[in-house]
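Here is a short briefing on one protein model and its ligand. Look over the sequence and the structure first, then work through the points below.

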Amino acid sequence: MRTNKIRKIVQTRYGGFAKAASSAVGFCCGKPAESTCCALEQGLYAESELVSLPEIARNLSRGCGNPSGFANLQPGEVVVDFGCGCGIDVILAARRLGTHGRVYGVDFTPPMIERAKQAVAQADLRDVAVEMLDASLEDTGLPRSCADVVISNCVINLCPDKAAAYREAFRILRPGGRLAVSDILLSRPIDAELRERLQTGWAGCTGGALPEDDYWSTLRSAGFTELETVARHVLSDRELDDMARCPGEAFTPAPAVADLVRLRGAVESVKFTAIKPPSGDVA
Ligand SMILES: C[S@@+](CC[C@H](N)C(=O)[O-])C[C@H]1O[C@@H](n2cnc3c(N)ncnc32)[C@H](O)[C@@H]1O
């Protein structure tokens, strides 16, 4: 499928999800939320972090990790969240940075950026500069070498041009800057015809998931070094089912049950860090 068509599909799904949330308090996973929100159910964040967040940021969270928790953020740093969604990791990062810190949330789905602005206003981050940018990851419009850290949570798998997204992360990081990412990838090969079917529908977070060797070489080709895996796990059947229809069944048609069965054991959630070498800007 063509890159522009995939981007439109992603924007339509996440835009619909963000708009629906404005009219349904307690909305979660495309259904009314019960006693807990998805992020809490999944155990991605500490309960102490989640209780401090506005409800909208918790309920629209669609991540697969907690990148601000393993990015080793330091007071005063500049952080960019690639594909910030409703801003859950923007808010958590801002709380770690203190008075002189700055966080940019980047997302190309305008209704999502509007919800993120709402969430940030409700979070009352008086001491930290926070800016939400309606832009694509492949071309954020941010200046070269402006960031200490780029974080991202379950987004790069959705990008048809992962190389361009990682080249942009490299460009905006200062030499010696860090990447802290949670993402979805394929840990074992799947047959070409299944891959083609998943890609055709760009189904949830599985349609664009790359085989891991290709993923790591994309990062290295962008210039990143010192790749370190922080944690990884094979998605359980339930996680796979949820991820395949992310952001919710009302927005993304699920793959056929038989395809999901064939995918079992092949899809992993991976959290990793990498570095832009100190000499990174020298051509
Ligand atoms: C699975 S959600 C994750 C959102 C957020 N990181 C979180 O943890 O809740 C993916 C988000 O990435 C955004 N996104 C996907 N591809 C993008 C791209 N190429 N440029 C900018 N934003 C993108 C979508 O609009 C959506 O809000």
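Is cysteine 154 buried or exposed? Cysteine 154 has a relative accessible area of 4%. Buried means under 20%, so this residue counts as buried. Keep in mind that this is a predicted model.

**Cysteines**

- The count of disulfides is zero.
- Cysteine 84 takes part in no disulfide. The nearest cysteine sulfur belongs to cysteine 86 and is 8.4 Å away.
- Cysteine 84 has a relative accessible area of 5%. That is under the 20% cut-off, so cysteine 84 is buried.

**The ligand and its surroundings**

- There are 22 residues around the ligand. Those that come nearest are Arg62, Gly83, Asp107, Thr109 and Leu137.
- Aspartate 107 uses its side chain: an N or O atom there is 2.6 Å from an oxygen atom of the ligand.
- Phenylalanine 108 uses its backbone: an N or O atom there lies 3.2 Å from a nitrogen atom of the ligand.
- Asparagine 153 also has a polar backbone atom 3.1 Å from a nitrogen atom of the ligand.
- On its own, the ligand has 600 Å² of accessible area, and the protein covers 99% of this.

**Helix H8**

- Helix H8 spans residues 162-172. Eight of its eleven residues are buried, so the helix is largely enclosed by the rest of the structure.
- Which residues of H8 are buried? They are Lys162, Ala164, Ala165, Tyr166, Glu168, Ala169, Phe170 and Ile172.
- The cover over these buried residues includes strands E3 (78-82), E6 (147-153), E7 (173-186) and E9 (267-275). Helix H10 (212-222) is also part of the cover.

**Nonpolar cores**

- How many residues does the largest nonpolar core have? It has 58. The residues with the most contacts inside this core are Tyr14, Leu60, Val79, Ile91, Val103, Ile184 and Leu263.
- Helix H6 (residues 88-97) gives the most to this core, with seven residues.
- Take leucine 60, and leave aside its neighbours within four places in sequence. Leucine 60 is then in contact with Phe17, Ala18, Ala21, Cys86, Met112 and Arg115.
- Another core lies apart from the largest one. This other core has 32 residues, among them Val78, Val106, Leu142 and Ile172. Ile172 is also one of the buried residues of H8.

Key. Residues are numbered from 1 along each chain as its sequence is written. This is a predicted model: local features need pLDDT of at least 70, side-chain atom pairs count only at pLDDT 80 or more; totals for chains, interfaces and linings use all residues. Side-chain values use heavy atoms; hydrogens and water are left out. A disulfide is a pair of cysteine sulfur atoms within 2.5 Å. Buried means under 20% relative accessible area, exposed over 50%, partly exposed in between (1.4 Å probe, protein chains only). Helices (H or I, at least four residues) and strands (E, at least two) are DSSP runs, numbered from the N terminus. Contact means heavy atoms within 4.5 Å. A residue is near a molecule or strand if one of its heavy atoms lies within 4 Å of it. A polar contact is a pair of N or O atoms within 3.5 Å; within protein, one must be able to donate a hydrogen and the other to accept it, and residues adjacent in sequence count only if both atoms are side-chain atoms. Accessible areas come from the Shrake-Rupley method with a 1.4 Å probe; for residues, only the protein chains shown count as cover. A nonpolar core is a set of buried Ala, Val, Leu, Ile, Met, Phe, Trp, Tyr and Cys residues joined through side-chain atoms within 4.5 Å.
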